[in-house]
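Please read the points below with the model open beside you.

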Amino acid sequence: MVAPLSAWPWENLGGFKYLLCCPLAARVLYSWIYEETLGDLWCLCILILYVLRAGLHQLWNTYVNMLFFTRNRKIKQQGYDFKQIDQEWDWDNFLILHVLISAMACLIFPSLGDLPFWNSKGFITLLLLHVTISEPLYYWGHRLFHDTYLFTHYHSLHHSSPVLHPFTGGHATFLEQLLLSIVTGIPIAGSILMGYGSASMIFGYLLVFDFLRCLGHSNVEVVPHEIFNKLPFLRYLIYTPTYHSLHHTEMGTNFCLFMPLFDAMGKTLNSNSWQLHQKISSDSAKKGRVPDFVFLAHVVDISSGMHVPFVFRSFASQPFSTRIYLLPIWPITFMFMLIMWAWSKTFLLTFYNLRGRLHQTWVVPRFGFQYFLPFATDGINKHIEEAILRADRMGIKVISLAALNKNEALNGGGTLFVNKHPELKVRVVHGNTLTAAVILHEIDNDVKEVFLTGATSKLGRAIALYLCQKRIRVLMLTLSTERFQKIQKEAPADCQNYLVQVTKYQAAQNCKTWIVGKWITPREQSWAPPGTHFHQFVVPPILNFRRDCTYGDLAAMRLPEDVQGLGSCEYTMERGVVHACHAGGVVHQLEGWTHHEVGAIDVDRIDLVWEAALKHGLRPVSSVK
């Protein structure tokens with residue numbers, strides 16, 4: 001049975017919960033359009049405050065997930081997984097609650113709409129009421145909620161988040177947020193009743209309150225320990241992220257709202273608080289743990305540039321798709337693209353742990369279209385080379401090149417860097433051996449003929465040579481007879497006749513298995529017979545134009561179930577799924593292979609790499625659309 005007031009009244013509304021704020025917005029618009037004045041200004045103020053508070057939390061999310069800034073300041077070195085992100089999805093329920101409470105207060109007490117903008121005395125009374133009433137009230141209430149019954153039925157929800165995040169502060173039951181509203185409301189109401197209230201006081205108090213809540217739940221130590229060494233009394237007046245994180249690991253201590261003074265008075269102050277804070281703050285200047293594996297990615301386009309945890313965590317935790325609500329920040333992303341083009345370096349984006357090994361994703365600050373600009377290739381290769389050399393200096397075991405970072409025309413699939421730096425200890429991997437294996441194992445066993453576009457590319461060559469050895473006829477679409485014959489000669493003599501050069505799409509009008517390695521238009525797709533399945537290894541994926549055909553996703557594999565701290569999706573991939581070239585690097589690292597995997601794909605290793613991937617718990621993703 002659900003405990004009273006533990007569930008939110010609008011928890012079944014989903015995204016429609018924001019409609020609860022619409023009456024205020026409607027009132028503002030009505031007065032502006034029809035009354036030609038902003039009547040009931042309090043409605044507008046409540047909405048502005050809601051947006052500012054939500055924006056403040058979002059800015060904290062951005063900072064916390066900018067790992068290139070915060071990685072070494074993390075208190076708990078663990079990522080936010082999908083389960084935690086889903087649990088905290090409705091973290092902003094308390095903001096909607098405060099909108100409704102504020103609206104009710106203004107309707108009951110119309111004089112609240114006439115508060116002055118500024119009254120300096122109000123800030124003094126506000127501070128006094130906060131320190132003398134709100135702080136002790138919260139402290140004792142918080143201790144009470146750690147009682148067995150109240151903790152089990154209410155407060156345990158807040159403590160269910162394994163890694164603190166600014167959104168964790170809002171992740172609580174309806175009853176707890178109601179009581180917290182009283183704690184925040186007492187100083188505001190008291191100052192107003194004394195005649196010292198003002199709009200700036202209300203805005204300032206709630207924004208500072210939210211800022212400190214986000215600070216305590218950030219899992220990033222931003223308060224330098226030197227401040228407390230010089231002014232020791234300050235440690236009792238303001239808490240730190242480390243201080244509050246101890247409450248979530250040792251729950252019988254550090255109950256205070258913002259002032260450790262009350263823990264000291266209540267004898268619940270954790271004795272390790274200051275030492276741990278000093279250690280984490282001091283260690284932030286040191287280099288963190290060296291990853292075992294790095295996946296070197298790049299930005300696909302401007303829209304996908306917003307699909308990262310430090311923009312919107314919830315959006316990044318879902319497979320990429322175009323969202324209308326992202327259009328307003330498209331110009332901002334475009335501006336950052338220009339800044340990255342002019343001045344930036346490869347940066348850390350995400351990380352996860354797999355069987356005690358740290359895996360990271362680094363991003364080359366270049367967008368997909370830039371890889372096709374002749375004047376940009378040298379700069380891109382310089383970024384990739386610097387990332388490889390940096391990984392080598394750090395002692396990283398394997399670095400895997402993603403998508404266009406291993407483009408054959410750009411750097412020979414990584415060969416350029418290996419030949420230039422033969423002393424490299426880090427293994428450079430393009431991962432295409434596993435990509436080829438995934439595509440090949442998607443093909444039905446009874447298939448006797450396939451149509452292959454991008455046939456003379458690195459992947460196309462490997463797929464054609466593998467299939468012809470299985471006695472499968474391969475229609476290789478290419479205008480270059482020289483390149484076709486070169487590949488054909490690599491095949492065993494008794495298999496060469498299974499490779500057939502074709503120069504037009506019409507040649508595949510009776511073939512129901514298409515392997516697409518070069519982007520094809522809807523017009524070109526029209527030559528495929530009904531019932532055709534399109535396998536593909538082309539970026540971006542082709543359009544799902546034919547309703548009488550099926551389309552496979554890009555080659556990908558699902559990471560093992562014991563992966564930890566994974567909370568973002570790779571582009572269009574499902575949760576827990578990574579591109580096959582990423583998975584290929586993971587297998588290379590897990591197997592401890594000491595060779596570079598660059599240049600042409602070794603066809604003889606395709607089955608070996610596939611079996612190794614399955615051995616380590618990676619699984620193919622069967623998805624047909």
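1. Which strand do two bridges join to strand 2 (residues 347–354)? The partner is strand 13, and the two run antiparallel. Strands pair here if DSSP finds at least two bridges between them. Within this pair, Asn353 stands opposite Gln564 in strand 13.

2. A word on the source: this is a predicted model, in which local features need pLDDT of at least 70 and side-chain atom pairs count only at pLDDT 80 or more, while totals for chains, interfaces and linings use all residues. Residues are numbered from 1 along each chain as its sequence is written, and side-chain values use heavy atoms, with hydrogens and water left out.

3. The sheet is open and has six strands in the order 5-4-1-3-2-13, with mixed pairing. Its edge strands, strand 5 (427–429) and strand 13 (563–564), each pair on one side only. Strands are DSSP runs of E with at least two residues, and helices are runs of H or I with at least four; both are numbered from the N terminus.

4. Helix 23 (residues 580–591) lies across strand 1 (293–299), strand 2, strand 3 (357–367), strand 4 (398–401) and strand 5. Helix 23 runs at about 165° to strand 4; such angles run from 0 to 180 degrees between N-to-C directions, with axes fitted to C-alpha atoms, for helices over the stretch in contact.

5. The chain is divided into domain 1 (16–284), domain 2 (293–433 + 564–620) and domain 3 (443–557). These bounds come from an automatic or database domain assignment. Taken over C-alpha atoms, the centres of domain 1 and domain 3 are 58 Å apart.

6. Thr242 is in helix 11 (residues 241–249). Thr242 counts as buried because its relative accessibility is 0%, the cut-off being under 20% relative accessible area with a 1.4 Å probe and protein chains only. Leaving aside neighbours within four places in sequence, its contacts (heavy atoms within 4.5 Å) include Ile75, Ser273 and His277.

7. UniProt, in an unreviewed entry, places "transmembrane region" at several stretches, including residues 41–60 and 324–343. Such annotations may be inferred rather than shown by experiment. Residues 41–60 are 100% helix and 0% strand, with end C-alpha atoms 29 Å apart. Residues 324–343 are 65% helix and 0% strand, and there the end C-alpha atoms lie 30 Å apart.

Note on methods. Buried means under 20% relative accessible area, exposed over 50%, partly exposed in between (1.4 Å probe, protein chains only).
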